[in-house]
Amino acid sequence: MPLKEYLENIPPKIQAWVLILVLTFVWGSSFIMLKKALVVFTPLQVVSGRMTFAAITLLPFALRELKNIPGEKWKYLILFSVIANIFTTLSYAVAQSQIDSALNGIINTLTPLMTLIVGLLAYKQKLNRMQALGLLLGLAATLFLLRVSGNAEIGYANFFVLVSVFATVLNGFTANMLQFNLRGLSALQIASVAFLLILPLSGTLLLTGEFFPLAFEVEGGMRAMGFVLILGIFANAIALILLSYLVQISGSVFATLTTYLMPLVAISWGAWDGEQISYWQILAMGLILCSVYLVNRAGR
């Protein structure tokens, strides 16, 4: 039975929940895989590997969709590609090089709030009272998280926590670009072409750098390269295709459930790997998720 006919026999609600669980596991697990890849590779090497592997995976779709991108969308698509695939991914990798994967996953829950803030400042979106309450709670929780996750003596950890927070700000920009600047393009068009746009840069860095020598010559290199490969193919390429289908059958509001569930996966992997997560950090995450709930509920 063809896949399309098989899916038509499954109720959309069941499909949606299966996709939510799959995306939650893939994205929640990406932080621990990033941590393991960084044992051998630098943040830049990890990013160039992820982007190259993702671009190659989606290359057939990108070549097919190139002619379908309207001319006025190209400048936004290029900007989106640079922000999402270079600066955001590199920021997460740099932060992950110095903080625990579970903490990085907790910080990622700020993405919906940063999306709202960028929408207010850059796109003149309106704010109702419930969203304002959620936003204030989220900002307070963020400051609390920075305080309980830092090193009071040298402020070293706080800097890399801020780098991770900065990555969620960049996520806020790309989310608003999807809504306002790239409207009319499918997620598959955006993802595949965005990866293709940076393939010359990421591919050049991958082939001319130390990525493959490290992978084949350093102990644990092949294992680390495997994590980079999984991140590129599954967390970047395939996950975006699944997200596109999820939004089509259930809407974007339902898709935000990954925001609530993903930290649980990241924390579980971190605990399995021996990371120490304080009760204060769990409390901060709970406050952030409450603020996200208020913002999403008020914005429906």
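**Salt bridges and packing**

Modeller: Let's start with charges: the count of salt bridges comes to four. Keep in mind that this is a predicted model.

Colleague: OK, what does Lys35 pair with in a salt bridge?

Modeller: Lys35 pairs with Asp273, at 2.7 Å from N to O. Lys35 sits in helix α2 and Asp273 in the loop between α14 and α15, so this pair ties together parts of the chain that are 238 residues apart in sequence.

Colleague: And how do charged side chains get to pair in general?

Modeller: Opposite charges can pair when the charged atoms come close.

Colleague: Fine. Which residue does Lys36 bridge to?

Modeller: To Asp273, with the closest N and O atoms 2.7 Å apart. Lys36 lies in helix α2 and Asp273 in the loop between α14 and α15, so the pair links parts that are 237 residues apart in sequence.

Colleague: Which residues are linked in the network of salt bridges?

Modeller: Lys35, Lys36, Asp273 and Glu275.

Colleague: How about exposure: is Lys36 buried or exposed?

Modeller: Buried, since its relative accessible area is 18% and the cut-off for buried is under 20%. Lys35 has 23% relative accessibility, so Lys35 counts as partly exposed. Asp273 comes out at 25%, so Asp273 is partly exposed as well.

Colleague: What does Glu65 meet in a salt bridge?

Modeller: Arg64, with 3.1 Å from N to O. Glu65 has a relative accessibility of 10%, so Glu65 is buried. Arg64 is partly exposed, because its relative accessible area is 42%.

Colleague: Switching to packing. At what angle do α2 and α5 pack?

Modeller: About 65°, and their axes are 10 Å apart. Helix α5 covers residues 74–96, while α2 covers residues 12–37. That angle is why α2 and α5 count as roughly perpendicular to each other, as the class runs from 65 to 115 degrees.

Colleague: Left-handed or right-handed, that crossing of α2 and α5?

Modeller: The crossing of α2 and α5 is right-handed.

Colleague: Then α7 and α8, what angle there?

Modeller: About 120°, with the axes of α7 and α8 10 Å apart. So α7 is oblique to α8. The crossing of α7 and α8 is left-handed.

Colleague: What's in the loop between α7 and α8?

Modeller: Lys124, for one: that loop runs between α7 (111–122) and α8 (129–148). Phi of Lys124 is near 55°, a positive value in a residue other than glycine.

Colleague: Is Lys124 buried or exposed?

Modeller: Exposed, because its relative accessibility is 67%.

Colleague: Last one. Where is Tyr279 found?

Modeller: In helix α15 (residues 279–299). Tyr279 is exposed, because its relative accessibility is 78%. The C-alpha atoms of Tyr279 and Val148 are separated by 9.7 Å, though these residues are 131 residues apart along the chain.

Definitions and conventions
Residues numbered from 1 in each chain as written. Predicted model: local features only at pLDDT ≥ 70, side-chain atom pairs only at ≥ 80, totals over all residues. Heavy atoms only, no water. Helix = DSSP H or I, 4+ residues; strand = E, 2+ residues; numbered from the N terminus. Axes fitted to C-alpha atoms, helices over the stretch in contact; angles between N-to-C directions. Parallel < 35°, antiparallel > 145°, perpendicular 65-115°, else oblique. Left-handed = near helix turned anticlockwise from the far one by under 90°. Buried < 20%, exposed > 50% of the residue type's maximum accessible area, 1.4 Å probe, protein only. Salt bridge = Lys/Arg side-chain N within 4 Å of Asp/Glu carboxyl O.
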